[in-house]
Amino acid sequence: MPLHYRSVFQVRDANPADVAREQFAGWLEELGNQEVDLSPGRRTLAEGVELAVAEGPDTARFRLRNSGYPVRLMTTLTAHCEPGGAAWLWLEQEYEASATNVEPLKLRPPGLIRGILQCVDGYDGLAVLTEEPQRVTATGLDVLIDVLCDDEHQVPVVVASTHPWRNTAEWTETARDLTANLTGTAAVYILDREATDLLDGMAAFEDHKVYGGAVRTYLPGVDPASPSDASRHRVLPQARIVESPGRAKMLLTMLPWQQARTRPLPEALRRIDAGGFESGTKTDVARLLREPAVVAHADPAAEGLTLRLSAALQEALNRIGHYEQQVREANARRRVAEDQAYEAERQAEKEILDHDATRTELDSALDQVRWLQSELLGSGLVERAYAPVPSDQRTPQLLSVGELRHHVRRLRRVSVAVDWEVAERLDESFKAATWAAKAWRALRALDDYAEARANREFDRDFYAYCQQPPPGRTGISANVVAMTESDDTRGNRRFAAARQFTVPTKVNPEGRLHMWAHVKLDSTGRTAPRMHFYDDTAGPTTRIHVGYIGPHLPNKQS
C-alpha cells in the first residue's frame, strides 16, 4: 500500500517499547477496542480488522490493518533499541482505495502520534519534535539558531514569527492552527515578539530571518553566511496566511510530509525490515512442531491423525516462510525505491538552486554592464562602451573537461599539474560541460585571488576572498570552497595518501604534498567532482598549484 504518513525519531529517558505498547493500547481504546490483548501474535478485532504484534530482544512492532471500504488502512508502530545506543520510535500509516472515486486522505497526522508526543519528546539531532509548538523567547533564540544550523537533524524546522501589530496571543493561536498537521514530521517553534524583533535585527542572519508574522520552513544545514542558501528555506508570508488560512496550512504541511515519506530510514531501522522482523508466528509453529506429541494410548488412528496434522503444520510453516521471504524482498525493493526517489529529489532541488543562483548572477552582471555602458556613453566614450572583449578575457565555450588543458596557459598565477586522464573521466557524464565551466570559473577565481594577494589588495585566504571578492575580480560561491578536509579524512592513511599531489621543489623538497583545500564542482551524485589545490601565494612561488581535477577522492562515505 502507498505510504501516507511517516514519523521517525529518537526518545530519551524512556523505554520505547513500553511507550509504544501503552500508546498503541490507548489509541485502540479510542477506536472502540477495549482491553485488547497486545501479546505477540495475530488476532481479529472485528470483521476486516486485524491486529499483529511482534516482539524481539530489541524490537517491538504493533500493526493494525483495516481492510474496510472504501479505504484500506494500515498503521504500524515500531519501537527499537540499538544495543548500547539510540532508542527509536517509528510510525507509518499506509492506505489505498478499495473503491473508485475515493478522495485522497487529507494531510492529517494519526491520532496515535499526538498521544506519543504528549507522553515523550522526539529527538532528531538538536531538533525536538513535540505535540504542541515550542515557544521561543529572546533568551532561547541562540539555542534555536543552533538547531537551525545543526547538520545532524533530518526533519525540517518550522519557525513562526509574531505579527507586528496583531494581538500576540491571537496570532500565536493562528500559528498553532497553521502548524497543527506537522506533528511528527517537523520541529515547530513560535517566536515571541521580543525574539522576533531580535532575529529581525541580527545582521549575521540577515538573509535567513523570519519576521512580520511570516512562517519559514528551514531545511537541514542552514548556512547563515551564504545568501544563496537562503532560497532553500521557504517563506510563507503573513499576507497569504491571512488571505487564505486553509490553503496556507496545506502549503506549509506538504513539504515536511513529502520529505518524511521519501527520506531514507536510519540504518538501525532499515536492518529491522531487511532481517524480516514481523510476527512471532513462524517461531511459535516451529516450537510446536519440535514438541513430542502426547498420546495417552497407542491408537493407530490417533497416530495417523497426528502424522497428518504434523504434515499440515509443516506445510503451513513452509508457506509462512515463503510469505515472510516475499515480505522481506518487497520491503527491500521499497527501501531501494525510496532511496532512489529521495536522491533524485535532492538532486533536482540542487539543480534548481544552482540554476537560480546562476540566473541571479547573470542578471546582476547584465545590469552592471548596461549601467557601465550608459556611464561611458554619457561621458562621450561611445567606442569604449561597445568595444569587443579581448580574446584572452573571454570565457571559453567548453564542452568537456578535457578541453581545459588547452586554456590553462592563459592563467597568470595558477599552475595546473593534474592527471588529465583522470580529469577526462568526468567527460563520460552528461554534466561534463557544466563541470568544465565551473572548473574554469574556479581557476579564474584562483588566478584573480593570487593576483590580488600579489598586489596587496587582499590578505586573507581563498574562502574569505570568495565571500567578498575585491572590485573587478572574479569569484565563486564560498559554499563550494573548502580549505581543509575532515579529521576522519586527514587522519586516515589511505585517504590522506590519495590527496598528495605534485608541487615544485621550491614549495616542498620532496616534490609532493597534501592538498586539503578543494573546490566542489558538484555536491551530488556518486562522482561529485573536486578540484584540489595548494595556496602558495605567501610562499616562494607566490602561485596557486592545482594538483587534481576529477571524481571525488575516497573518504569515509565512499
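The largest nonpolar core has 48 residues, and those with the most contacts inside it are Phe-24, Leu-89, Leu-144, Val-157 and Leu-191. Such a core is a set of buried Ala, Val, Leu, Ile, Met, Phe, Trp, Tyr and Cys residues joined through side-chain atoms within 4.5 Å, where buried means under 20% relative accessible area, exposed over 50% and partly exposed in between, with a 1.4 Å probe and protein chains only. Apart from this core lies another, of 37 residues, among them Trp-420, Trp-435, Ala-439 and Val-519.

This is a predicted model, in which local features need pLDDT of at least 70 and side-chain atom pairs count only at pLDDT 80 or more, while totals for chains, interfaces and linings use all residues. Residues are numbered from 1 along each chain as its sequence is written, and side-chain values use heavy atoms, with hydrogens and water left out.

In helix α3 (residues 141–149), the buried residues are Leu-141, Leu-144, Ile-145, Val-147 and Leu-148. Seen down the axis of α3, they fall within an arc of 155 degrees (taken from the directions from the helix axis to the C-beta atoms), so they line one face of the helix. On the other side of α3, Asp-142 and Val-143 are exposed. The buried residues pack against these elements, among others; helices (H or I, at least four residues) and strands (E, at least two) are DSSP runs, numbered from the N terminus.

| Partner of α3 | Residues |
|---|---|
| β9 | 134–136 |
| β10 | 157–160 |
| β11 | 187–191 |
| α5 | 193–200 |

Elsewhere, strands β2 (residues 41–46) and β3 (residues 49–55) run antiparallel and are joined by 5 bridges.

Technical notes
Two strands pair if DSSP finds at least two bridges between them. Contact means heavy atoms within 4.5 Å.
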